[in-house]
Amino acid sequence: MKTVCLYFEIHQNIHLKRYRFFDIGTDHYYYDDYENERSIVETAERSYEPALKTLIEMAETYGSYFKCAISLTGCAIELLESYAPQVIELLQQLNDKGCVEFLAEPYSHGFSSIKDPEGFKEEVDRLCKKIKALFGQTPKVFRNSALIYSDEIGELVAEMGFKGMLAEGARQVLGWKSPHFLYNCNRNPNLKLLLRDYSLSEDISYRFNDSSWSEYPLFADKYAQWIANLPEESQVINLFMELCALGIFQPLSSNILDFIKALPAQLKERGIEFSTPSEICSKIKSVGAIDVPYPTSWVDEERDLSPWLGNVMQQEAINKLYSVAERVRISGDRRLKQDWDYLQASNNFRFISTKPNSYGGYRGIYDSPYDAFTNYMNIVGDFVTRVNNIYGGMDNEELNSLLTTIKNQDDELAMKDKEIKKLKQMIAKIGPAEEEEKTEAKAEKKTTAKKAAPKKACATKKTTAK
Amino acid sequence: MKVLMFGWEFPPHILGGLGTASYGLTKGLSLQSDMEITFCLPKPWGDEDKSFMNIIGMNETPVVWKDVSWDYVKERIGHKCDPQTYFDLRDHIYADFSYRHTDDLGCISFSGRYPDNLHEEINNYSIVAGVIARQQQYDIIHAHDWLTYPAGIHAKNISGKPLVIHVHATDFDRSRGNVNPTVYSIEKDGMDNADCIMCVSELTRQTVIKHYHQDPAKCVTMHNAVYPLEPEIQEIIDKGRTKKDNNEKVVTFLGRITMQKGPEYFVEAAALVLQRTHNIRFCFAGSGDMLNEMIELAAQRGIADKFHFPGFMKGKQVYETFRDSDVYVMPSVSEPFGISPLEAMQCGVPSIISKQSGCAEILDKCIKTDYWDIHAMADAMYSICTNEGLYEYLKVEGIKEVDQITWEKVGLRIRKCYDETIERCKRN
C-alpha cells in the first residue's frame, strides 16, 4: 500500500534595508518595512490565501482521506500576524478540519543546527510553543531550515525528542536506494527519516507550468498514474514543497490549484492513501539507517549547502554572525534576540551566492552578491558591536572562562539536584517503613532523620551560594 | 587575408589606452596563420615588436619624389625599415606635394603624439596614406580612432576596399557631452563612410548609434582584452607587497585626472570613508588637467593627510602600484572600455568600477556602482578593506575571470567580422 505525504512550508524572510557603513553605530534598525509588508501581502494574496482555501475545500470534500502537513517559520508567523492575519485564520480553519499536522522547524530559518546547537534547541522549542499557542498542536516531527540534514543534526534532533524528521532524498546520499521507504538516522534509530522525492515534488513546484517540459501539460490523472506505476514495494511518496509553489512559482493562471484539487480523487481511485508525517513514523517500519556525513538540502541541483556557504564571503558572513551566538543567548536583551532571529535567516546568505542562476536571479534590493555581502556585513558589524557593548568590552577569553565556570556550576547543581532527589526518595521509602516500625523503635527514626537533614541543608546552601 | 591598418600609437611608446589596444588586437589577429597585417604609424621608433606584422612609418613614406641612392636611404632609415619599401612607395606618389614641408627623402615629419597642430598632422597623415594605399595590396582597411579615419576614407576611395573603423572612444566620452564640432565632424565622416564600425563596448555602440546616427546593423561591439602578464612583471607582483606598519590599506585610482575619469567622485567617496576609519590611505596616481583642482578638493575635505598624489606612472611603476594596493577604483563618468581594471584584476587587486564603463559589460568579479553614487562606492571600498572574505573572493576569482578574456578570442571575432563585411560589400 502506497501512501503520499504532502507537506508545505511557509517562510518569508524579513528584508534588510540598504545599510551603509556610515550607519554603523548610529542606526540600529535594519529592516525594510515597506518591502516586508509589500512582499508578505503579495504572497498572501497570490498564493497563501487561495492555496489554503483550496486545502480547506479539499478537507471538506474528502473528509478524513485527505491529509497534509505544514510548517511555518517564526519570521513568517510574525510577518503574517502583522500584515496578513487572515492567513493565520485560514490555517486555523484548516487545523479545525483535523487533516493537518504542524511540524517544528527553527524559528529563524537559519543555520543554528550547524553552527550553534544550543541556540538551535532553544529556537526550535520557541517555535513549538508558538505553534502550540496558535494551533494547539505540539509538533512531533521536525524539519530543518531548507531541509538541511546530516548525521549530526539527526542526532541533535533525536535528543530533543522528535520521532521523525524530513530530509532531502539527495542522490549523493541515497545512491541506488529509493526515497520511497522510511529510513532512520544512523546515530539514533529512534529518529525516522522521510526523504523527499525531489523529482515528483519539483514536477509540481518547478516544472508544472514550463511549456518546454516534455511532460507539459501535467494533469492529475497522469501524475497519479506515475505514482501508481512506482514499484509495488514502495511505501511512502514524500512530496515536499514551499506553499508559494502554489501561486508564486506556478502562477494561479496555470491552474495549479485545480491540479492539486483533483489529485486526491485520482490517487484514491488508484488505491493510494494520504498520511501525515507522524502517522508514517508510527505506522511504517524503517528499512535501515542512512549515512549522511555531509549536510544535504533541498536547493539547487547539488542539494548541499553551496547556495549559502559556497564562497568565502558567505563563510565569513556566517562565521562572523555566529561568533556572537553565545553572547546573544545569555544576554537577555529582547531587541538583540529579535535582531538575532532575523539576521540568521538563510535568505540573507543566499543573496551572497555567486553560483550562476541560483535563486532564479532574484536578489532583492541588491545589485550583485558583493553588494549583498557589503550590506549584510555592515549590519552584522553594527549588531556585533551592540552585543559586545553589553559585555563592556570584555574579551572572548575572559568571557569564555566565566561561561565555563557557570557551566561547571550548573552541572554541579544538576548533580546535587539528582542527589537530593535520590535522598528524598530514600526518605520517602524509609518513611512508611518507619511508621510500621514506629511503635517498635522511636529512637531509630530520630537518627535517620538527623542523617538526612544535614545533607539536605548542605545542598540548599550550595544552591544559594551560586 | 591582408589588412591595412592605420593607427596612431604603438607600444612601447604609448600615451594612452589606444596603443595598448592596437597592439593586443593586432597580435591577437596575427595568430591566424593566413593573416598579413600592415600597420601604419605616424612615427615608428624602431623598437616596436615587428615579429607578427609589418610596420610602415608615415614619416618614412615619400610624398615628393627625391633622387636618392639606395645606400643613402639605407643609412638614413635602414634601421627602421627595408629601403626597398621606400623605393616601392616612391613609385606611387600621386600628386605634387612639394609645396608642403618635406625632408631630404621627400617625407613629411610627424610628432606621433597629440600636438597642438593635431589637425594639420591628421591631414598630413591622410596625404601620406594615399601613397601607401596605392602601393600596398590588401583586402580590407582598418582604421583606429578618429585621427586615422580620414586616412581610412582616403584609402577606401583609392582602392575600393571595404573600410572598417574601430571606435576606441568618441568625443562624447572625452567631453562629457560638450563635443568639439571639428572632431565630431571627422568622427561622423569616418563612420558614414565605414562599411563596418567596431565599438569597444555596447555603451560606445549606443553612443555611435544615437549621437552619430549610424545604422545599428553595421555597428558591432568588439570588447577589448588583456595579455597575460609578462614574466618580469609577474615577478614584481609575486615579490609581495612592501611591508607596512599598522596594517594600513591602500585604495588606488590610476589614470588621467580629467573630467572623463570622474576623479572628484573618488575624492568625495574617500572623504566619506575617512570619516569612519583611519587605517585606509588613498593613492591618486596620474596627471591631467584636473590634478590641481583635486589636490585642492582633498585639502578642502580635510583628508590631505591620507590622500596621496604620486603623479604619472610609467611601465613597471604601474604594476608596483597595483601590487601595493588593496582596492582599485575607476569611477569614470563615461569610459568607452577602460582596460586598467582588467590589469588591476590580473595583479589580484579587487576593483570597483562605474557602471558607465564599457568593461563593466564583460566583468562580473568586480563591484559595479554608479559613478555618482559616492555612498555605494565608499561602502564598497570600506567593505573590501574590512572584510577578508570579499577581498579574497574578488582577488582569486578576478584573476580567473580576466585570464579568460584574451585577444586571441577577440581576433577570431574580428576575423569573422572582416569576412562578413567583405562578403556584404561584394554583394552590394
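In this predicted model, 15 residues of chain B are in contact with 14 residues of chain A, contact being C-beta atoms, placed from the backbone, within 7 Å. On the side of chain B that touches chain A, at least two residues each come from α10 (263–276), β13 (367–369), α14 (374–386) and α15 (388–403) of chain B. Helices (H or I, at least four residues) and strands (E, at least two) are DSSP runs, numbered from the N terminus.

A word on conventions. Residues count from 1 along each chain as its sequence is written, and chains are lettered from A, ligands numbered from 1, in the order in which they are written. Local features need pLDDT of at least 70 and side-chain atom pairs 80 or more, while totals for chains, interfaces and linings use all residues.

Now the sheet in chain A. Its 5 strands run in the order β4-β5-β7-β6-β12, open and with mixed pairing; strands pair if DSSP finds at least two bridges between them. β4 (141–143) and β12 (289–290) of chain A are at the edges with a single partner strand each, so one side of each has no neighbour in the sheet. β12(A) pairs with β6 (residues 182–185) of chain A in the parallel sense, over 2 bridges. There, A:Cys185 has A:Ile290 as its bridge partner.

Last, confidence. Chain A averages a pLDDT of 89, pLDDT being the predictor's confidence in each residue, from 0 to 100. Over residues 452–466 of chain A it stays under 50. Where pLDDT is low, the predicted coordinates should not be read in detail.

Notes:
Two residues are in contact if their C-beta atoms, placed from the backbone, lie within 7 Å.
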